[in-house]
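Please look over the sequence and the model before reading on.

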Amino acid sequence: MFKAMLIAGAGGFIGTCLRYLVGKLAHYVFSSPFPWGTFAVNIIGSFVIFFGMAEKAHLISANMNVFLITGFCGGFTTFSSFADDMFLLMQNKHWGYFSAYLVLSIVLGIVLVWLGRSVVKPA
């Protein structure tokens with residue numbers, strides 16, 4: 001388990017660094033209020049999650065899966081995990097859970113961001 005944590009941590013470090021660089025690049029390239037950097041990493045991360053299927057097809061090792069999915073995607077974005085969870089709920093026709101997860105994730109996420117920003121106000 002410790003080895004898997006180190007592998008995930010290495011992937012997370014790379015994903016986090018790359019997320020930072022993509023954000024900086026997007027800010028440099030686009031002068032728009034649209035969050036292009038976050039949008040880009042979330043969409044890319046949603047695609048990279050396919051590596052989870054690559055392990056099941058024996059195209060990559062379990063360690064590489066931990067590195068890419070848990071580590072890299074976890075550091076790069078958590079939206080990819082959310083999108084994958086939503087897809088699985090749809091695929092398995094768990095419409096109630098799908099709806100609850102979608103609405104609660106978005107609404108509670110926004111409410112908690114508001115609450116966090118309300119608690120810590122700039123001087």
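Contact here means heavy atoms within 4.5 Å. With that cut-off, 57% of the contacts in the protein between residues at least 6 apart in sequence join residues at least 24 apart. The model is a predicted one.

**Overall make-up**

The protein contains six helices and zero strands. Read from the N terminus on, its elements run α-α-α-α-α-α. Along the principal axes, the C-alpha atoms fill a box of roughly 50 × 40 × 30 Å. The protein has 123 residues, of which 24% count as buried.

**Helix H1 and glycine 11**

Helix H1 covers residues 2–29. Its 28 residues should span 40 Å at 1.5 Å a residue, and its end C-alpha atoms are 40 Å apart, so the two values agree. The buried residues of H1 are Ile7, Ala8, Gly11, Gly12, Gly15, Val22 and Ala26. These buried residues pack against H2 and H4.

Glycine 11 lies in helix H1. Its relative accessible area is 0%, and therefore glycine 11 is buried. Which residues does glycine 11 touch, not counting residues up to four places away in sequence? They are Phe67, Gly71 and Phe72. Gly71 and Phe72 are also among the buried residues of H4. Glycine 11 and methionine 64 are 53 residues apart in sequence, and their C-alpha atoms are 9.3 Å apart in space.

Helix H4 runs over residues 62–76 and has 15 residues. From its first C-alpha to its last, H4 reaches 19 Å, close to the 21 Å expected at 1.5 Å a residue. Its buried residues are Asn65, Leu68, Ile69, Gly71, Phe72, Cys73, Gly75 and Phe76.

Helix H5 takes in residues 79–91, which makes 13 residues. H5 reaches 18 Å from its first C-alpha to its last, close to the 18 Å expected at 1.5 Å a residue. Ser80, Phe82, Met86 and Leu89 are the buried residues of H5, and they pack against H2, H4 and helix H6 (95–119). After H5 comes lysine 93, whose phi is positive, near 55°.

Two packed helices are described by the angle between their axes and the distance between the axes.

| Pair | Angle between axes | Distance between axes |
|---|---|---|
| H1 and H2 | about 135° | 8 Å |
| H2 and H4 | about 165° | 9 Å |
| H2 and H5 | about 50° | 7 Å |

Helix H2 spans residues 36–48 and packs with H1 at an angle of about 135°. H1 and H2 are therefore oblique to each other. Their crossing is right-handed. The contact is made by Arg19, Val22, Gly23 and Ala26 of H1 and by Trp36, Gly37, Thr38, Ala40 and Val41 of H2. By class, the contact of H1 with H2 has five nonpolar, three polar and one charged residues. Val22 and Ala26, which belong to this contact, are also listed among the buried residues of H1.

How are H2 and H4 oriented to each other? An angle over 145 degrees counts as roughly antiparallel. The angle between H2 and H4 is about 165°, and the two helices are therefore roughly antiparallel to each other. H2 passes H4 in a left-handed crossing. In this contact, Val41, Ile44, Gly45 and Val48 in H2 meet Ile69, Phe72, Cys73 and Phe76 in H4. The contact of H2 with H4 has seven nonpolar, one polar and no charged residues. Ile69, Phe72, Cys73 and Phe76 are also among the buried residues of H4.

H2 and H5 pack at an angle of about 50°, and they are therefore oblique to each other. The crossing in which H2 passes H5 is right-handed. Asn42, Gly45 and Ser46 of H2 and Phe79, Ser80 and Ala83 of H5 make the contact. The residues of the contact of H2 with H5 divide into two nonpolar, four polar and no charged. Ser80 is one of the buried residues of H5. Gly45 of H2 takes part in the contact with H5 and also in the contact with H4.

How values were computed
Residues are numbered from 1 along each chain as its sequence is written. This is a predicted model: local features need pLDDT of at least 70, side-chain atom pairs count only at pLDDT 80 or more; totals for chains, interfaces and linings use all residues. Side-chain values use heavy atoms; hydrogens and water are left out. Axes are lines fitted to C-alpha atoms, for helices over the stretch in contact, and angles run from 0 to 180 degrees between N-to-C directions. Helices (H or I, at least four residues) and strands (E, at least two) are DSSP runs, numbered from the N terminus. Angles under 35 degrees count as roughly parallel, over 145 as roughly antiparallel, 65 to 115 as roughly perpendicular and the rest as oblique. A crossing is left-handed if the near helix is turned anticlockwise from the far one by less than a right angle, and right-handed if clockwise. Ala, Val, Leu, Ile, Met, Phe, Trp, Tyr, Cys and Pro count as nonpolar, Asp, Glu, Lys and Arg as charged, and the others, Gly among them, as polar. The expected span of a helix is 1.5 Å times one less than its number of residues. Buried means under 20% relative accessible area, exposed over 50%, partly exposed in between (1.4 Å probe, protein chains only).
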